[in-house]
There are 2 protein chains.
Amino acid sequence: MKKLDDIDLRILTLLYNNADINNKDLAAKIGIAPSTCLERVKRLKSSGIIKGSFIEVNLKSIGGNIEAIAAIRLQPYSEEIVNKLRDDLLQLPEIISLYHMGGNYDYYIHMSVSDSEHLRQFVFQEITSRDEVQTVETSLVFEHSRSSVLPQFDD
Amino acid sequence: MKKLDDIDLRILTLLYNNADINNKDLAAKIGIAPSTCLERVKRLKSSGIIKGSFIEVNLKSIGGNIEAIAAIRLQPYSEEIVNKLRDDLLQLPEIISLYHMGGNYDYYIHMSVSDSEHLRQFVFQEITSRDEVQTVETSLVFEHSRSSVLPQFDD
DNA sequence: ACTGAAAAGGTAAAGTT
DNA sequence: AACTTTACCTTTTCAGT
């Protein structure tokens, strides 16, 4: 993985906050030619530094009235079991994202459901019903705030 | 907030997984005219159903070698204190996202740091040093998997 | 509300420094 | 490696259905 220069970081910073901007405007903000900018962005994408671009959807508008996180512990705990759990859960429409943790819990399962009955059903049917799931603690998400600032490290 | 029809949901589903697609291809995938598609997307954006579009960055490539989540409890716990904490933390480059929780913990703080020394420094200086933070439990994130499937609810 | 065609503007590939 | 130019293609607008 090649080292990123200052221009690359400025491209990433701007797109991290708003990927809707077109190439011409992006180039103007940074102070480089559009063709140069386009080439940089392409390279960042093809090299995997930019993993993808996505929209953020207002979940309430599509019926996802409740967000919750289930913190679970697994027993037994093997790589195979962990990967299977991840792959299975990622198929389900309720899942927003999964955190495989080292610490007090093995997984944080971040999900969106229509109401508390849906949450109850989902937790029983898709989580506690699994053999490897030993304990489940479900908590409500009152607010989820995404940072608009790209992490930066001066190396 | 107006009700979404099937075409809107298909637009959201496709863009949720890949916002890089251009309008012409998006329209073709759905089977509507590009002008119609563009109008729909604009309406979804202006109405706030699409909250924004962002790139996902490979954090390791910019020096973020470790991801962690700090679970904290607050005392005292008031709306003012909670909002102040959120606004302060969102300014810091290490923060990826924040979850305000109802349950065992008050906040999950998801962050990216360069190494374990950086993590130690950050937790002491920006989290435990705050008067309202009563307890902190920091855990490593081994893997964070974002679902590529937009949550769906049949209503 | 969707379509189709025309005008405007951005993209991508060429050659140049 | 980055800039400029130009041809091409997409986006966007608008009159019509």
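## Pockets, cavities and DNA contacts

The model is a predicted one, in which local features need pLDDT of at least 70, side-chain atom pairs count only at pLDDT 80 or more, and totals for chains, interfaces and linings use all residues. Residues are numbered from 1 along each chain as its sequence is written, chains are lettered from A and ligands numbered from 1 in the order in which they are written, and side-chain values use heavy atoms, with hydrogens and water left out.

**Cavities**

- Rolling a probe the size of a water molecule over the atoms shows where empty space is left.
- On a 1 Å grid over the protein atoms alone, a cavity is a set of points where a 1.4 Å probe fits but cannot get out, and lining residues have an atom within 4 Å of a point.
- Grid points are joined across faces, edges and corners, and a volume is the space filled by probe spheres set on the points.
- There are 2 cavities of 30 Å³ or more in the structure.
- Lining the largest cavity are Asn104(A), Tyr105(A) and Tyr108(A), along with Ile69(B), Ala71(B), Tyr105(B), Glu137(B) and Ser139(B).
- Strand E2 (66–74) and strand E5 (133–146) of chain B each give at least two residues to the lining of the largest cavity; helices (H or I, at least four residues) and strands (E, at least two) are DSSP runs, numbered from the N terminus.
- By class, the lining of the largest cavity has 5 nonpolar, 2 polar and 1 charged residues, where Ala, Val, Leu, Ile, Met, Phe, Trp, Tyr, Cys and Pro count as nonpolar, Asp, Glu, Lys and Arg as charged, and the others, Gly among them, as polar.
- The second largest cavity, with a volume of about 30 Å³, is lined by Ile69(A), Tyr99(A), Tyr108(A), His110(A), Ile69(B), Tyr99(B) and Tyr108(B).
- Its lining divides into 6 nonpolar, 1 polar and no charged residues.

**Pockets**

- A pocket is an open set of points with protein on both sides within 12 Å along at least five of seven lines.
- The largest pocket has a volume of about 1300 Å³ and a lining of 47 residues, with Ser97(A), Tyr99(A), His144(A), His144(B) and Arg146(B) nearest its centre.
- Strands E1 (50–57), E2 (66–74), E3 (95–102) and E5 (133–146) of chain A, and E1 (50–57), E2, E3 (95–102) and E5 of chain B, each supply at least two residues of the lining of the largest pocket.
- E5(A) provides the largest share of that lining, 7 residues.
- In the largest pocket the lining residues are 22 nonpolar, 13 polar and 12 charged.
- The second largest pocket, of about 590 Å³, has 25 lining residues, and Ala19(A), Asp20(A), Ile21(A), Ala19(B) and Asp20(B) lie nearest its centre.
- H3(B) gives the most to the lining of the second largest pocket, 4 residues.

**DNA strand D**

- Near this strand, meaning with a heavy atom within 4 Å of it, are Ile32(A), Ala33(A), Ser35(A), Thr36(A), Arg40(A), Asn22(B), Asn23(B), Lys24(B), Ser35(B), Leu38(B) and Lys42(B).
- Sugar and phosphate make up 76% of the atoms of DNA strand D that come within 4 Å of the protein.
- Phosphate oxygens of DNA strand D lie 2.5 Å from a polar side-chain atom of Arg40(A), 3.1 Å from a backbone N or O atom of Ala33(A) and 3.1 Å from a polar backbone atom of Lys24(B).

**DNA strand C**

- Around DNA strand C sit Asn22(A), Asn23(A), Lys24(A), Ser35(A), Leu38(A), Lys42(A), Ile32(B), Ala33(B), Ser35(B), Thr36(B), Arg40(B) and Arg43(B).
- Of the atoms of DNA strand C within 4 Å of the protein, 75% are in sugar or phosphate and the rest in bases.
- A phosphate oxygen of DNA strand C lies 2.4 Å from an N or O atom in the side chain of Arg40(B).
- H3(B) contributes the largest share of the surface near DNA strand C, 4 residues.

Methods: Polar contact = N/O pair within 3.5 Å; in protein donor to acceptor, adjacent residues only side chain to side chain.
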